[in-house]
Amino acid sequence: MKKIFLVLVLLLLLLGAGGAGFLYYEGMPYVDYALRRGSGGNPLAPPGAFEDVYSYANKYPSGQPKAPPFEQAEWTLTSFDGLKLSATHFVPQSAESHRWAILIHGYGCNQRFMWSMADYYLRRGYHVLTPDMRASGRSEGRYLTMGALEGRDVAAWARAVASEDPEAHIVLHGVSMGAADVMLALGDGIPAQVKAVVEDSGYSDLRALLQYRMDELGISHDRLLLAAANVLMKLRTGADFDEVRPVEAVANSSVPILFIHGTRDELIPVSMMYELAGRSAARDKEAVPVEGARHAAGESLGRPYYDTVFAFVEKYV
């Protein structure tokens with residue numbers, strides 16, 4: 001992930017090298033490197049930037065996680081812009097349960113990265129839905145949008161669950177970019193069946209995050225450079241930075257929300273968790289700093305992490 005920010009900075013610096021046409025033709029490959037799926041000759045692989053810094057093998061030496069040992073079925077839906085999206089529905093032992101968890105993976109990942117988390121929810125009696133977000137896994141799409149369009153997809157999955165089970169009590173749980181996705185979903189016609197949200201290691205505002213990273217790198221002319229990058233992102237993906245403001249979504253939602261963030265997060269500052277919690281209009285909210293944890297590493301603590309999660313969400317589901 002650090003390299004993604006460096007790539008964006010390189011992209012921005014091209015602005016000074018020769019005008020809009022040069023910026024477009026020379027800069028777009030960097031946008032593709034960071035946001036377009038497909039690398040290493042595999043059109044379904046994550047963006048090249050992900051493969052360079054965070055391979056599946058590095059996280060899972062024996063391969064990607066296996067599916068939890070529960071009954072499962074594939075779900076599909078068509079997104080607002082015509083993409084076929086795919087997810088797996090896992091059924092708990094008590095199929096009559098009306099508890100549901102929708103688990104949302106982060107940048108460059110796919111639903112398999114949420115299967116260890118799914119196992120905890122399933123053993124607690126939840127139905128679990130693990131979507132492949134757009135441009136990931138089995139879902140269609142060429143470009144990631146860092147939450148701008150993915151939030152609308154999460155809301156669509158929540159509506160699909162509500163249609164399947166009108167008595168459902170749904171938890172949305174996202175990690176990293178997935179955390180931004182679940183927060184952004186709150187502003188897109190989320191059904192009343194969504195009772196609680198868990199956001200783990202999310203960012204409050206994409207533009208502010210990029211600004212923070214540029215300041216760390218000592219990059220000057222940051223406003224001009226960010227404006228140029230925003231134009232290129234919008235041309236390529238149809239979305240822009242200013243649509244990725246989870247802080248505005250939580251400021252306009254009363255859904256209870258649990259914020260979790262590692263104090264040693266090297267990608268997204270823990271200060272963003274406190275900003276989100278401070279702006280949240282939720283009728284119940286809690287901010288939990290995980291001492292010493294790096295980016296999206298809280299779940300690796302196992303039982304203590306899930307004790308915190310279930311103590312919060314099970315007040316509502």
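Author: Helices (H or I, at least four residues) and strands (E, at least two) are DSSP runs, numbered from the N terminus. Ser176 falls in the loop between strand S5 (169-175) and H7. This is a predicted model, in which local features need pLDDT of at least 70, side-chain atom pairs count only at pLDDT 80 or more, and totals for chains, interfaces and linings use all residues. Residues are numbered from 1 along each chain as its sequence is written, and side-chain values use heavy atoms, with hydrogens and water left out.

Reader: What makes the phi of Ser176 worth a remark?

Author: Most residues other than glycine have a negative phi. Phi of Ser176 is near 60 degrees, a positive value in a residue other than glycine. Ala296 also has a positive phi, near 55 degrees. Ala296 sits in the loop between strand S8 (285-290) and H12.

Reader: Is Ser176 buried or exposed, and how do you know?

Author: Buried means under 20% relative accessible area, exposed over 50%, partly exposed in between (1.4 Å probe, protein chains only). Ser176 has 9%, so Ser176 is buried. Ala296 has 27%, so Ala296 is partly exposed. Of the 317 residues of the protein chain, 57% count as buried.

Reader: Why is the pair of Trp75 and Trp100 called tilted?

Author: Rings of Phe, Tyr and Trp (its six-membered ring) pair if their centres lie within 6.5 Å; planes under 30 degrees apart count as stacked, over 60 as edge-to-face and the rest as tilted. The structure holds nine aromatic pairs. In this one, the centres of Trp75 and Trp100 are 5.9 Å apart and the planes 50 degrees apart, hence tilted. Trp75 is in strand S1 (residues 71-78) and Trp100 in strand S3 (residues 99-104), so the pair ties together parts that are 25 residues apart in sequence. Both Trp75 and Trp100 are buried.

Reader: What makes the pair of Tyr305 and Tyr306 edge-to-face?

Author: The angle between the planes of Tyr305 and Tyr306 is 80 degrees, at 5.1 Å centre to centre. Edge-to-face needs over 60. Both Tyr305 and Tyr306 are buried.

Reader: Why are H5 and H12 called oblique?

Author: Axes are lines fitted to C-alpha atoms, for helices over the stretch in contact, and angles run from 0 to 180 degrees between N-to-C directions. Under 35 degrees counts as roughly parallel, over 145 as roughly antiparallel, 65 to 115 as roughly perpendicular and the rest as oblique. The axes of H5 (residues 115-123) and H12 (residues 303-313) come within 12 Å and cross at roughly 55 degrees. H5 and H12 are therefore oblique to each other.

Reader: What makes H6 roughly perpendicular to H7?

Author: The axes of H6 (residues 150-164) and H7 (residues 177-185) cross at roughly 65 degrees and come within 7 Å. That makes H6 roughly perpendicular to H7.

Reader: How do you know that the charged end of Arg152 sits over the ring of Phe80?

Author: A charge sits over a ring if NZ of Lys or CZ of Arg is within 6 Å of the ring centre and within 35 degrees of the ring normal. The charged end of Arg152 is 3.6 Å from the ring centre of Phe80 and counts as sitting over that ring.

Reader: Which residues is Asp188 in contact with, leaving aside its neighbours within four places in sequence?

Author: Contact means heavy atoms within 4.5 Å. Asp188 touches Arg152, Ala155 and Arg159 on that count. Asp188 and Arg152 are 36 residues apart in sequence and 6.1 Å apart in space, C-alpha to C-alpha.
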